[in-house]
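Reader: Hi! I've got the sequence and the model open side by side. Could you walk me through some of it?

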Amino acid sequence: MPLSTAHVPTPRPARYLKQLVSHLGHKATTSLTPDGRGVITIAAGTCHLTPTPDGLALTAAAVDGESLARVEDVVARHLVRFAAQEGLAVEWTAPVDGGELEPTPPVVGEYLLSHHTPADDILGELAAVTREATAGAARMQVSSDEGALLTMLTRLTGARFAVEVGVFTGYSTLCIARGLADGGTLLACDVSEEWTAIGRPYWERAGVADRIDLRIAPALETLRALDDEPVIDIAFIDADKGGYPAYYEEIVRRLRSGGLVVLDNVFLGGRVLDPAYRGADELAMRGLNGLVAADERVEAVMLPVRDGVTIARRR
């Protein structure tokens, strides 16, 4: 359970943060952002430091409990020494397992679902049928508020050519198709005839089936067969997590200036935040999140929507 936090009340958070980053920079890797946040990385793990109106917020992360304790000790010991005149005390929370985090707490989730333009009967029925037909796999379906976001983003970009990687039963497909400009097309990529067949009747009922070009094949093959021209207006990636980096690259290089790529599940249930999780999916998503943030081809924002959504805009 290698995540912990602390909030240290002090009227001088920025001062102590800079002192910590400067001093530990001689023996560790440190950085300071323009808005005053700091990161300290030692062999045992990492600590993020953020000045707040009433103190200093600390978030420590490491691969195991022993390493986490080492990070906590190094940061707390130096902070207390720098602020000796204040007599600060650093009280860390009990270690938390990232897989047990709730990016969207239930009470917040219910409020969100109650305060967006409601899904119509067609979407509602598709969601219900998906729950009945796919059992536990139904968790792969986007929520109605995320579906509304996809429709809105598609409309805001004036999209005429959209790409979706990962259709499942077609809820998000329907949401994107509804947002397309007149004459627009959605290239929808999936490998399951069984699950995508669930959505087809609802695409027909919604009057958007003629906008959806469903390809049952490995998504990378479909994407690589596209022209290299930047013709994609918006893309949504919600498929096998280990494939995200490759899907992202194939899409961004074909994304027009001002076009969007939307990535779902960038938190992986909180496991991406926890360095103890080192499975293939966690490593791929963690690496991609860092790549997107540093990718000079795009400007990006990560949102705490459901299981985390990143929106990247091609410059």
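Reader: How much of helix H6 is buried?

Author: Eight of the nine residues of helix H6 (residues 171-179) are buried, so the helix is largely enclosed by the rest of the structure. Buried means under 20% relative accessible area, exposed means over 50%, and partly exposed is in between, with a 1.4 Å probe and protein chains only. Helices (H or I, at least four residues) and strands (E, at least two) are DSSP runs, numbered from the N terminus.

Reader: Which residues of H6 are the buried ones?

Author: They are Tyr171, Ser172, Thr173, Leu174, Cys175, Ile176, Ala177 and Gly179.

Reader: Thanks! Before we go on, what sort of model is this?

Author: It is a predicted model, where local features need pLDDT of at least 70, side-chain atom pairs count only at pLDDT 80 or more, and totals for chains, interfaces and linings use all residues. Residues are numbered from 1 along each chain as its sequence is written, and side-chain values use heavy atoms, with hydrogens and water left out.

Reader: Good to know. Now the sheet: what is the strand order?

Author: Seven strands form an open sheet in the order S8-S7-S6-S9-S10-S12-S11, with mixed pairing. Two strands pair if DSSP finds at least two bridges between them. The edges are strand S8 (212-216) and strand S11 (298-303), each pairing on one side only. On average, neighbouring strands of this sheet are turned by 15° against each other, direction ignored.

Reader: How many bridges join S7 and S8?

Author: Five, and strand S7 (residues 185-190) pairs with S8 in the parallel sense. Leu186 stands opposite Ile212 in S8, and Cys189 has Arg215 in S8 as its bridge partner. The chain goes from S7 through H7 to S8 in a right-handed β-α-β crossover. Right-handed means that, with the strands pointing away from the viewer, the path from the first strand over the helix to the second runs clockwise.

Reader: Which strands does H7 lie across?

Author: Helix H7 (residues 193-206) lies across S7 and S8, and runs at about 170° to S8. Axes here are lines fitted to C-alpha atoms, for helices over the stretch in contact, and angles run from 0 to 180 degrees between N-to-C directions. Contact means heavy atoms within 4.5 Å. Helix H10 (residues 280-294) lies across S10, S11 and strand S12 (309-314), at about 130° to S11.

Reader: Switching to charges: how many salt bridges are there?

Author: The count comes to 19, taking a salt bridge as a side-chain nitrogen of Lys or Arg within 4 Å of a carboxyl oxygen of Asp or Glu. One of them joins Arg37 and Asp35, with the closest N and O atoms 3.2 Å apart. Arg37 is partly exposed at 38% relative accessible area, while Asp35 is exposed at 52%.

Reader: And what does Arg224 pair with?

Author: Arg224 forms a salt bridge with Glu250, the closest N and O atoms being 3.3 Å apart. That pair links distant parts of the chain, from Arg224 in helix H8 (residues 219-224) to Glu250 in helix H9 (residues 244-252), 26 residues apart. Glu250 is buried, at 11% relative accessible area.

Reader: Where does Arg253 come in?

Author: Arg253 forms a salt bridge with Asp228, with 3.5 Å between the closest N and O atoms. Arg253 lies in the loop between H9 and strand S10 (255-264), and Asp228 in the loop between H8 and strand S9 (232-237), so the pair ties together parts that are 25 residues apart in sequence. Arg253 is partly exposed at 36%, and so is Asp228 at 49%. Arg224, Asp228, Glu250, Arg253 and Arg254 are linked in a network of salt bridges.

Reader: Nice. Is Asp233 buried or exposed?

Author: Buried, at 10% relative accessibility. Asp233 is in strand S9, and a polar atom of its side chain lies 2.9 Å from the backbone nitrogen of Arg160. Leaving out residues up to four places away in sequence, Asp233 touches several residues, including Phe161 and Leu260.

Reader: Last one: where is Asp238?

Author: Asp238 is in the loop between S9 and H9, and is buried at 13% relative accessible area.

How values were computed: Polar contact = N/O pair within 3.5 Å; in protein donor to acceptor, adjacent residues only side chain to side chain.
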